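Look at the model before reading the points below.

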Amino acid sequence: MSIDLSQFHQVFYEESYEGLDAMEQGLLEMDIEAPDDEVINTIFRAAHSIKGGSGTFGFNQVAEFTHVVETLLDEVRSGDRAMNQSIMDLLLVSVDCMRSLLQELQAGDDPDLTQAKDLKAQFEAILKGDAAPAEQAAGGDGGDITDGDAADASDGAGGQGYHIHFVPEETLLQTGNEPTRMFRQLAEVSENNIEVMASFDRMPSLTAMNPEHCYLAWDIKITKAIDRSEIDEVFEWVIDDAEVIITELGSEETVSAATDPVNTENTEPQSEVADPIVQKTDETASEDKTAVQAPVKEKAKAKAASPESSSIRVSIDKVDSLINMVGELVITQSMLGQLGQNFDISRVQRLQEGLAQLEHNTRELQESVMKIRMMPISFVFSRFPRLVRDVSRTLEKKIDLVLSGENTELDKTVMEKIGDPMVHLIRNSIDHGIEMPDVRAAAGKSETGTVELNAFHQSGNIVIEIKDDGAGLNKERIQQKAVENGLIDETTILTDEQIFDLIFQPGFSTADAVSDLSGRGVGMDVVRRNIASLNGSIEVSSETGLGSRFVIRLPLTLAILDGQLVKVGDEIFIFPLVSIVESIQMDDSSINNVGGHSDVLQLRDEYVPIVQLHELFSVNVEDTIDDDKIIVVVETDGEKIGVVVDELLGQQQVVIKSLEENFKKVEGISGATILGDGTVALIVDVSGLSKMSGTSIKQIESAHKAA
Amino acid sequence: MAKILAVDDSASMRQMVSFTLKGAGHDVIEASDGVEALKLAQGQSVDLVLSDVNMPNMDGLTLCKNLRQLATYKFTPILMLTTESAGDKKMEGKSAGATGWIVKPFNPDQLLTTIKKVLG
């Protein structure tokens, strides 16, 4: 039977990546002085599975490399070797190496083995440089990667038959080994040229007999030239639990057997049997190589740099509840269908009930479907222990990372996009927030700084907190820098909140020296923009000497949006509800014209630029009195703008459809949705709107001052 | 056709084993660790158990010992899927009550040939 092994590759890759993550996590939480057995076992098992899988599925480069990793881990596990920092570092680098080998294989490339070879040499040096157990483990285990078949075919076909004296231990049956099956196998390989004689010598008296024990012994005569290894294979599993003496039959018998025509005929087909098997395995191997490479390559091209898996693991509970919902929906549908035939006005009541039922089903179904895309945030959090470890070592700071709320779920798409901004924030906390150990000690704090990550759900959003107990944001420094960069005026008096908000402004960086870690041109403005593109928000609070706290709020999903419907002319637009600060009745007295072309709204003590939605999107509107209009004040990138609309309609959840995929990208519009009556409504991209209007707070403020 | 309990914590190995055995007409029950396997085994008898050695929660050797305690599994063939070809590991398996072993990596043909030894 030929089986295409490539069908299991995707699962193998996914589980190997998971295994590597587990290894990494285990290594990071390991206490080098007193490693926890369970942690070491987990790490070992992960390496072990990757080795086993890669060997089985034909990735020998990975298997060979993983083998040395596993050997070392096995020694640690069995207590033959003490864990130390250099082994830990080597293991961590190896995790990276295995991951990249697998990624290259998955992308259909020939993996670059330079690093693997180098690391393997280091492992071998460690393993060899030590006592005998290491050698033995390495040597004893070494064969199983390349050598698949258990039989060592050292002896060729011996003589013309064998005599086998087989005396099993009485407990043989307790291991599930059944002599009759072994005889059957011998009969098979010798093509029934076999005689079996039982000996009752060991049989005790009936009263002394344990019915589950084996008291028989056998003498087996095989009168056919077969490979000695075939007999060895039959007894392979019992060789230690039995006396097995195999002798070649005498030369007289050999001669007589050789002249037997039946036997010579029989040797022929046997070699034929052997051949196709070998071919078959070859075929399987080459088949899956070609089969894998083609599709995987395509996939790799499509996804370019992102090796993220496109499949998603869903718990069976979620699927079950989904199936359940669909069942309910079908029932409601057939109920309504029946009602539709011979409908008359007397049945309106039932129709309404049916529709209410349908609404209920739809909502539940929607919730269940959304849940499928939800994954615990631990998928993102899990990469941070390594990051914190590496960064803190580079900077020679001492840092504890505390994670909580790892099981909080959020949409897979959101999760994929929130990773990078979080990395940036955590690097920042370590680089700028946490002080050097001596500085901390001098300030009366513990030498070890703490970075806390927390996630939880709050009113339909997921909230992610990044908190450190470092020096806190330096207000004077921020203000000074902002003046230098022309963001604010020297005389501007700002609240703490406004000062902290400055760090999110484009072109702002407080790092005194551009370090290895931060200050690489990616600023907090990018972080805020990325989060805003997920319809989320970020805020910061800080206290000098005590630390800073960043709070990210994100919608649970990107597929559905809480929207505010507004009317402009005959068109309906939708604002994301999160972006709306307030809506006010338009009042001419609060509108000022600045610099001759742009209107600003005086909103308490702030000036907010005003954009006319109908002008931006060329919507025909009848001239109405301004006083009837509404200004929707929205906030984006920390700036407010007032958007003039005709009318506020309802709020509702809308399903986002991509405009880009169905039409083309339109500036100022992030997507579209289909309303209940079937019309299409456009969703306003608030940050795009502020760019389009071409005005910003600063311009207006400076204009206002000049005026 | 035999009923086979396949135990492995690696989903890809489990799928490969299960696919191969089903392809050969066998009935396969899967478990991802010793604890799950033991639970499944308690409710029914099978003709063969194929188990990985290194697994979380309960490893293959412990599973083997526990299965041998069950009346219906006293003589059931139990094969360990192992990468350890070293002798002492095999002995450990034997003393836990394993019937034999299949050395990883193996291909589907090798798997089928080996299980033929203990079925029927």
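A residue is called buried when its relative accessible area is under 20%, and exposed when that area is over 50%, with partly exposed in between. At 17% relative accessibility, R99(A) therefore counts as buried. The model is a predicted one, and a search of the whole structure finds 36 salt bridges over all chains.

- R99(A) pairs with D21(A) in a salt bridge whose closest N and O atoms are 3.0 Å apart.
- R99(A) lies in helix α4 and D21(A) in helix α1 of chain A, so the pair ties together parts 78 residues apart in sequence.
- D21(A) is partly exposed, with a relative accessible area of 35%.
- Both residues belong to a network of salt bridges that also includes E24(A), D89(A), D96(A) and R386(A).

- D74(A) and R77(A) form a salt bridge, with the closest N and O atoms 3.2 Å apart.
- Because they are three residues apart in helix α3 of chain A, about one helical turn separates them.
- D74(A) is buried at 17% relative accessibility, whereas R77(A) is partly exposed at 26%.

**Helix α15**
- Helix α15 of chain A, residues 412–433, has 22 residues and reaches 30 Å from its first C-alpha to its last.
- α15(A) bends by about 35° at I418(A), and P421(A) follows within four residues.
- Of the 22 residues in α15(A), 16 are buried.
- D411(A) caps the N-terminal end of α15(A), with a side-chain oxygen 2.8 Å from the backbone nitrogen of T413(A).

Notes
Residues numbered from 1 in each chain as written. Chains lettered and ligands numbered in written order. Predicted model: local features only at pLDDT ≥ 70, side-chain atom pairs only at ≥ 80, totals over all residues. Heavy atoms only, no water. Helix = DSSP H or I, 4+ residues; strand = E, 2+ residues; numbered from the N terminus. Expected span 1.5 Å × (residues − 1). Bend = angle between axes of the 7 residues up to and from the residue. Buried < 20%, exposed > 50% of the residue type's maximum accessible area, 1.4 Å probe, protein only. Polar contact = N/O pair within 3.5 Å; in protein donor to acceptor, adjacent residues only side chain to side chain. Salt bridge = Lys/Arg side-chain N within 4 Å of Asp/Glu carboxyl O.
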